[in-house]
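Me: Hey, I've just opened this one and have never looked at it before. Can you walk me through some of it?

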Amino acid sequence: MRKVRLLVCNLIILLTSSLAYAQNTSLPYFNGFENPQDTAGWTFKKRAKTTGFEVGSAVHCLGFKSMYISPDAGATATYTTTASGYVSIAYKSFTLPQGTYTLAFDFQCGGDGTNQDMKVAWVPSSTSLSAASLGNSYPNAISLNQFTDATNTNTFGLSAWRHVTGTITVPAGGGTYNLCFAFRCNSQTVSAPGACIDNIQIDTTKSPTDCTQIPYNIQVVKDPQHGVIITWSGNASEYEVIAASASDPLDYSFCQHTGITTNSDTMQYAELGEGQYFFYVRAICDTDTSMYGEISGQLIYDVSAHCIDYITFNAPGTQCTYGSYSNPYQNNGYIDNGPSQMSSRHTIHTDLNETDPRTNGALRTVPIGDVMSVRLGNWNNGSEAESVTYTYNVPAGSNLILMMKYAVVFEEPGHSQPPEFKLEIMNANNQLLDAVCTKANFLCDGTLTQGWHSCQAIGSYGSPSTIWYKDWTTIGVNLTAYAGQTIKVRLTTFDCNASGHFGYAYYTLDCAQAELTGMSCGVGESTEIKAPDGFNYQWINNCTGQTVATTQGLPISGTDTCSYTCICSFKEQPSCQFTLTAYTIPRLPESSFSYSLSYSDCQTHITFANNSQVYVLQNGQKTYLPNERITSQTWSIMTSHKNRGYYNKTSANKNFQVIDIPKEGDTVAITLTSWANGCDDDTTIIINVPALEESRGVTNRYVCEGVPVTFNGQE
């Protein structure tokens, strides 16, 4: 993954330069606010002392920067309020001949969509844009010349990043017009961000048969085997595709594929990572290009990277139910009307900046470090209850921990049978695996203990109520004893039984190795050994038998030669424990593989044998440890042929075995990277596979397309 991300980041320079080129041509106009040339010519009218449009890197849709409302010269994408409200404007002049033009841009805006919103206008340059220094009404020039998009929308607000497109007109004789973006604040409440603008595009409106018509009907299919498949409609012979993350404002990386000669492209999960994505497609027509067609809001989720597919409610082996406090399992099925809807009882949250309103914004709906969460339950009362059950085949011989991150929001009734969140791990017959250690009931005791917080917020009846919430907490359950078995993980939420108070929970699920990390990767190095997340801890020095720490991490001196035992206890039941041992002498991975060549079906087949091991190094000598295992491995394949199926692929399959080279031959660089005990090692072999048409001796005979070919059987 490290190498793939570095490759993607290097493409930023290429993309930035290509976008700058597009912007410098008269049409199509593109402005991603990535360089000084993009900002040149824009005028900013601030209407609230310091708050107005700025260009900076606090938020972005593609690349590094965008244009957004800010009170501090672009450091943050928020806004101030005033008693009487205000309007801030950014505009740029365009001189164009008569015609109909397509205008497109990406925007996001916080607030409520009514008192904080945005208008876009196409204003003749002879029209004044002046307005009162304060006030909550848009200037007449904006209102009378407002832009209406293809969905008949002319006021934009309350949205995550969204793509907007529509048409603008220049009458006979041509003229100069100001493209204006205006943000209005008419509230004493700040809900960041203000208006944010990125990727402005203008071009003449094309006919359906034009090569430079904007690619349309863009669709994205997530294929578990082949990655993300992007398709579109258009008339060009060449295309460019870009995927950019919309999840994390600090993530500037994206993936760019060029030279595509079909109306389809595939991006590997390893190229992208998980989260919300925008996909851009542009036609290349000799020296001209189209505008970018775009599809947003695409959730990319690599099922193979998770032990449990916890976000797909209709996946095989997943069962959702809903009912009442007395029987949460009464009805099969899930109710998902989107994360903003109270009616949703099983739904997904993907906005990394979103907070829960019932906690007055104190609780994130997605934990830091993740890109999505499930919300089970809602803020409706009525003694509702709901569940999700996941069936999981624990791999034989594995040492896995089920990791659950959870956050809970309860309206506290102050009586018996209150709201509740429950975890149960069962066998295939719905029986608890262990009556004590594979269940947990997350209840609030009405005190500020064990991570619970309280606040006054709007409750079930629309009036202030006491809300108790628990911030994101990680809990782990050791599954080592159940390796080779089929288990069920059931999560259930309950309102209170009296039907007057709600209860719901957010959670993520995954697996981790039941092992220690952070061990030194070199003799004499000081380090910190770290136990898995989600437990209580007790560290014992095996030389002295003494407890030396109760934290998750244990600092180790570079001269320490003792081993340590960590007792990991289930947070909800301290008697449920398992132990892990740490050695201060580094246990290191060694990446090693061999290969052989074979031939059939007009192809050369490279077969790999993985010979990687773990060893200790003492007095300059390696001693291999047959009972120690490589934790994970990655195979990377690099070649100069972009049209090959294995081009620049990365696979996390330790049992990766064969790649097929076409009869034309190739030179491929194979890198195997191995991890164990927090240390890594890689090795690369470059393999030259000649074309099958070459005569290379008489060792073996082979027929390709009816023509006898001779060659050596081993490179």
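Reply: Strands here are DSSP runs of E with at least two residues, helices are runs of H or I with at least four, and both are numbered from the N terminus. This is a predicted model, where local features need pLDDT of at least 70, side-chain atom pairs count only at pLDDT 80 or more, and totals for chains, interfaces and linings use all residues. Residues are numbered from 1 along each chain as its sequence is written, and side-chain values use heavy atoms, with hydrogens and water left out.

Me: OK, in what order do the six strands of the open sheet come?
Reply: The order is β20-β19-β23-β29-β25-β26, with antiparallel pairing.

Me: Which strands stand at the edges?
Reply: Those are β20 (327-332) and β26 (439-442). Each has a single partner strand, so one side of each has no neighbour in the sheet.

Me: And by how much are neighbouring strands turned against each other?
Reply: On average by 20°, direction ignored. The axes behind that are lines fitted to C-alpha atoms (for helices over the stretch in contact), and angles run from 0 to 180 degrees between N-to-C directions.

Me: How many bridges join β25 to β29?
Reply: Seven, with β25 covering residues 420-426 and β29 covering residues 486-494, and the two run antiparallel. Glu 420 has Phe 494 as its bridge partner in β29, and Lys 422 sits opposite Thr 492 of that strand. Towards β26, β25 makes four bridges, also in the antiparallel sense. There, Glu 424 faces Lys 439.

Me: Is β25 mostly covered or mostly open?
Reply: Mostly covered, with seven of its seven residues buried. Buried means under 20% relative accessible area, exposed over 50%, and partly exposed in between (1.4 Å probe, protein chains only). On one side you'll find Glu 420, Lys 422, Glu 424 and Met 426, and on the other Phe 421, Leu 423 and Ile 425, all buried.

Me: Switching topic: what does β16 pair with?
Reply: Its antiparallel partners include β13 (residues 238-245), through eight bridges. Strand β18 (residues 293-300) is joined to β16 by six bridges, again antiparallel. Then there's β17 (residues 288-289), joined to β16 by two bridges and antiparallel too.

Me: Where does Phe 279 come into that?
Reply: Phe 279 in β16 is the bridge partner of Ala 243, and in β18 Phe 279 has Ile 295 as its bridge partner. As for cover, eleven of the eleven residues in β16 (275-285) are buried.

Me: What happens in the hairpin of β16 and β17?
Reply: Two residues lie between the strands, and Asp 286 takes a positive phi near 55°. Cys 285 has Asp 288 as its bridge partner in β17.

Me: Now Glu 54, is that buried or exposed?
Reply: Glu 54 counts as buried because its relative accessibility is 13%. It belongs to strand β3 (residues 52-56). Leaving out residues up to four places away in sequence, Glu 54 touches Lys 46, Ser 66, Met 67, Tyr 68, Ser 70, Ala 73 and Gly 74. Contact means heavy atoms within 4.5 Å.

Me: Last one: where is confidence lowest in the chain?
Reply: In helix α1 (residues 2-24), at a mean of 33, while strand β22 (residues 373-376) is highest at 98. Those are pLDDT values, the predictor's confidence in each residue, from 0 to 100. The chain's mean pLDDT is 85, and 89% of its residues reach 70 or more.

Definitions and conventions. Two strands pair if DSSP finds at least two bridges between them.
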